[in-house]
Amino acid sequence: MRRFVLIAVPYLWLVALFLIPFVIVLKISLSDVALARPPYFPQLDLSAGWEGLTSFFAELDFENFWFLTTDDLYWKAYLSSLQIAFASTVMTLLVGYPIAYAMARAAPEWRPTLLMLVILPFWTSFLIRVYAWMGILSNEGLLNQLLLWLGAINEPLTILNTNTAVYIGIVYTYLPFMILPIYSALERMDDSLLEAAEDLGCSRLSAFWLVTVPLSKNGIIAGCFLVFIPTIGEFVIPSLLGGSGTLMIGKVLWEEFFSNRDWPVASAVAVILLLILVIPIILFQRNEQKQREAEG
Amino acid sequence: MTQHVFAPWNDPGEKPLIQFRNVTKRFGDFTAIDDLTQDIFEKEFFALLGPSGCGKTTMMRMLAGFETPSSGQIFIAGQDMAKIPPNKRAVNMMFQSYALFPHLSVWDNIAFGLRREGKDKDTIAARVEEMLRLTRLSKFAKRKPHQISGGQRQRVALARSLAKAPKLLLLDEPLGALDKKLRQDTQFELMDIQEKTGTTFVIVTHDQEEAMTVASRVAVMDEGRIIQVATPAQIYEAPNSVYVADFIGDVNIISGRAKPTGDKVATQWAESQPDILGTTTTQFDAGQEIHFAIRPEKVAISTEEPQDAANKLQGKVLDIAYLGNISTYHVELPTGHVIKAQTANTRRLSRRQITWEDPVWISFTDTAGVLLER
């Protein structure tokens, strides 16, 4: 009985906060848009009994999903989201790995402080931090002023409201998610492995490629997924830092929902997004499990 | 037929493989190696023995190239090693933690060094198979390090460090992680492999029994200096200092003043007690401070006064340590000194004649002990 209760708690949590909302979204995605409140049709009328139920299901169709294929805005948005997510994951890795490496190689008494510095930004609101980037990247912003003062440029660079700003924002925001798993993999590594590699004829660089990188592989994979998965659906960063040319599915979703008030199409977009995300999530889970088994 | 004794260190014509020349190594204020000069010869099994912090690991790491001397020079096969990085040395090391690559199989671990040399596939495969056979690991070639036992891991580490056929193999506490039984078996295995491959081995250990078993010569170290280098038998029978005598095995030390009498030296150690007679080749001045060291197994114990013993002392049994095959009697002398005497238990325990509080005689010949200056 006790065991049952213990297992039931997380399941109830998942059912209430994930499965039920998902079923509602799925239902809306199969409905039609209506000028009413809520802005879709049909609604389930339980008082009509069995007949009400059958007519409710008869009204549901895949029209909205079909609509998504007719307008190329949607698949372009999906594709561009994947592209941006992929590119920014690679960039985050390139920035994050050296940081994680330096942290893991730092003197042990410094490590907690460095770790703290990585986590510290989370203590401030995410929105405020993105707004701060607007202040830095705008035409009259800190970065341009600095570059002008240094004489590196003659007129301000347009960074804000471009894809570059979006990349900067994403790399900045998700960097800790990349650093932490890589750091934890590197920190556990025995230094004598590198000495052994050198002893057996490796140069420093080849020891890094043949020993350090393979041993931090799980951290790299985990970090990449932790950046890639949320970035695909990212909305705040492209809408605040990106321009009209930045096409991301999160932004499209938001516009369908709040500007067009077309809840059914917005729901269909969300359902497809979820299906796209399921693949990397499964891969991520499998990597985690493999790692646990290897350590087991 | 004369048996050939392996002792290149006694042959002035022999050229040493390794030469330490006035090597000093400092870490900040701490001096790990203090002006050390030592030769090690080809095919030797050389043991560096000492307590932790005595500098033995630093000496080994300097040979591997992980540390560079603060001053002095190290030569391997006549070549000054100062500017040569670890990956360019014909020296391989077996690490204390084994340092096996966890992401590679046993086979790939052993092949790791060979692949770096850029040898062709068949040569590598043949060499790896040979190493697997030598260390009896053929069955485990495909396993990952975490899927094999501690003893097998130790053999993989050995196979990996031997695969490149180094001139010199360094072993850092190679058997530290194994239990006693396995450790003893592995010691003989190590000696066997050393003999088969003809490689020079330098082993670092804090276990004196291990050093005595495997080594052709043992260097006893303390505070960055080598106190004595000799064969295991010499180290045990003829230590050059109280430190060495005390570090290797069990010993009774009696300190006193020297009184040369003819070809013997007597040690005056207590007013009410007879002087202890010993033989020595060293010259001692009368009245000089002297330490008489004698191993417990060379001290006889009896209830009756022994007749023709050069040295005999009377005391009382304080304690008996029964170890099965042998017993160690702690005999307290009237002066308060406690002398350990060891006898083999040739009789059953129930027929033991001596027990606690018994008045006994301990005796030893005048050649049983050694006289030490310091």
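Two residues are in contact here if their C-beta atoms, placed from the backbone, lie within 7 Å. With that in hand, let's look around.

## Reading the model

This is a predicted model, in which local features need pLDDT of at least 70 and side-chain atom pairs count only at pLDDT 80 or more, while totals for chains, interfaces and linings use all residues. Residues are numbered from 1 along each chain as its sequence is written, and chains are lettered from A and ligands numbered from 1 in the order in which they are written.

## Where the chains meet

Between the two chains, 16 residues of chain B are in contact with 14 residues of chain A. On the chain B side, β6 (91-94) and α2 (106-116) each supply at least two residues; helices (H or I, at least four residues) and strands (E, at least two) are DSSP runs, numbered from the N terminus. The most comes from α2(B), with 3 residues.

By class, this side of chain B has 9 nonpolar, 5 polar and 2 charged residues. Ala, Val, Leu, Ile, Met, Phe, Trp, Tyr, Cys and Pro count as nonpolar, Asp, Glu, Lys and Arg as charged, and the others, Gly among them, as polar.

## Two domains in chain B

Chain B is assigned domain 1 (14-245) and domain 2 (250-300 + 310-372), with bounds from an automatic or database domain assignment. Their C-alpha centres lie 39 Å apart.

Where these domains touch, 5 residues of domain 1 of chain B are in contact with 6 residues of domain 2 of chain B. The domain 1 side has 4 nonpolar, 1 polar and no charged residues.
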